[in-house]
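Have the structure open as you read.

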Amino acid sequence: MTIALRPLSYPPATLTCGGTEPLSASKRVQAPNLYHRLYLINQAKPINTLPSEILCQIFETARHSTSESRPWDLPDQRKLLPITISQVSRHWREVALNNPLLWSYIDVSPPWSFPTVCLALSRAQTCPLTINLAIPSIAFGNLLTPSVVNASANIICSLIAPCISRCRKFLINGDFCQLEPLFIAIMETISSTPAPLLKHLVIHPTGVGHLMSKLQLQIFNQGIPILSHLRVTSAMVPSLPSLNTLTALHLAAADRRSITLAEFSVLSTSSPYLDTLAIYDNAICGPWPLDATIDFPSLRSLQIYGSFMSVSDLLRVVQAPLLKDLVIAPFAVNDLAEYREHISHSPPKFTGLKSITLSPVSMSGFAQLEEAAECFPTVELVMIPNIHADSFRDVLTGADADIVWSGLKALALRNIDYKSMEKLLAVVAFREAAGSPLETLYLDHRSMQRVSSMLPLLRRSVNVVEFDVWATLLDEDLLQDAAHFVGNDIDFSYF
């Protein structure tokens with residue numbers, strides 16, 4: 001939900017009555033009464049009759065739903081949402097100023113307004129903070145140049161350094177190729193600063209991979225005692241402190257740099273409670289020895305995104321007895337070929353796997369769904385964020401076809417059209433006749449609208465639920481554009 005706010009238009013200094021003639025001096029004394037009546041009218045509006053706690057929650061929702069884009073070439077037009085809220089009315093200003101949490105998101109992205117940063121810090125009082133530094137991947141304009149940004153690096157670092165100790169979320173994103181002095185200043189600032197409240201850390205810079213080996217810094221070298229969520233590029237891994245409280249790790253390749261299998265093994269050893277592991281592109285490089293194993297005793301979700309070229313090797317090496325969920329997006333031909341060969345003469349792996357998300361990038365990719373079913377036979381939920389109707393039907397139906405995923409209970413699909421629905425009905429009927437019926441079908445809102453006329457027929461055989469499983473996965477804040485991993489815009493007729 002996005003809430004648009006517009007400041008209230010106040011009466012002019014010289015009041016008029018009826019026409020354009022100003023009020024006489026004798027009547028001007030009545031102006032305070034008029035202002036009071038306007039105040040009472042404003043207070044009687046429905047939104048201003050809400051308790052302050054509910055109004056604060058509305059403001060918080062508005063703050064989270066506002067776009068992160070900013071007019072880089074027009075810094076004077078930038079205004080924090082809490083400031084806009086506090087200028088709407090006297091009541092809203094009182095509520096905003098008495099809600100320190102509303103001011104706890106500190107955006108230190110250039111172009112900087114140091115008074116605004118100081119204002120937000122002061123009004124946040126003692127609340128835990130979120131500090132965000134984002135650099136645009138666009139050409140710098142006349143008002144925002146690399147030299148201007150770099151010249152102010154020490155100033156912005158001096159402002160945020162005292163606040164990191166009460167920071168619960170710290171985010172660094174963007175292209176620092178022309179901003180090496182700023183990046184170095186930030187890294188030096190956080191290297192020796194304690195962060196006892198930090199739970200969520202994102203460090204995803206590009207253009208500075210070569211600097212990390214030169215700096216030889218360990219970030220937060222005093223430890224991050226309650227860190228649970230970490231998103232970093234592979235170049236940052238050698239600079240990480242102990243991660244023994246970590247539960248979610250998103251590891252991305254950047255600047256053509258990867259970590260070795262040995263470094264990956266050290267990372268797993270230092271993260272014994274890791275629950276979610278997401279790998280982006282070629283964040284890990286080989287070689288992958290046949291006898292190598294890396295233990296993740298608590299891992300329940302393994303997500304592989306982008307152009308990762310060693311899917312089979314990773315699945316072969318990872319030992320995760322509690323794994324419940326697997327994502328491969330995109331899913332390409334031969335991604336599982338070597339892994340299938342490996343398990344053909346090895347004990348079963350991932351026997352507790354219940355959910356799999358696959359995003360085939362071609363018709364031949366859809367043909368590999370059968371291979372995936374052989375590799376992971378215990379799956380009960382299959383999520384396919386993009387679909388080619390004929391290939392989907394051919395894999396899951398046919399006179400001579402075996403039942404793919406005999407224990408399958410639910411399908412989650414997106415972007416279904418009328419043709420796809422016809423094929424889906426065939427799949428549902430086929431499984432029902434074979435004695436392995438589907439119980440639940442999850443469709444996104446757009447699909448539900450497209451095929452609304454066919455839903456009654458479908459509901460005779462399966463429970464249809466409006467729920468976009470892929471969008472829920474995206475809520476975990478992927479490090480890159482989700483379209484890079486889904487392939488919804490692929491024209492399958494070219495393959």
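In α6, F114, V117, C118 and L121 meet I155, I156 and L159 of α8, where contact means heavy atoms within 4.5 Å. That contact divides into seven nonpolar residues, no polar and no charged; Ala, Val, Leu, Ile, Met, Phe, Trp, Tyr, Cys and Pro count as nonpolar, Asp, Glu, Lys and Arg as charged, and the others, Gly among them, as polar. Helices here are DSSP runs (H or I, at least four residues), strands likewise (E, at least two), numbered from the N terminus. The axes of α6 (residues 114-123) and α8 (residues 153-160) come within 11 Å and cross at roughly 5°, the axes being lines fitted to C-alpha atoms over the stretch in contact, with angles from 0 to 180 degrees between N-to-C directions. The two helices are therefore roughly parallel (under 35 degrees).

A word on provenance: this is a predicted model, with local features needing pLDDT of at least 70 and side-chain atom pairs pLDDT 80 or more, while totals for chains, interfaces and linings use all residues. Residues are numbered from 1 along each chain as its sequence is written, and side-chain values use heavy atoms, leaving out hydrogens and water.

Now for the backbone. The G286 to P287 peptide bond is cis, with omega near 5°, and P287 sits in the loop between β7 (276-280) and β8 (294-295). Another cis bond runs from A329 to P330, omega near 0°, with P330 in strand β11 (residues 325-331).

Finally, look at N334, a non-glycine residue with a positive phi near 75°. N334 lies in the loop between β11 and α13 (337-343).

How values were computed. Parallel < 35°, antiparallel > 145°, perpendicular 65-115°, else oblique.
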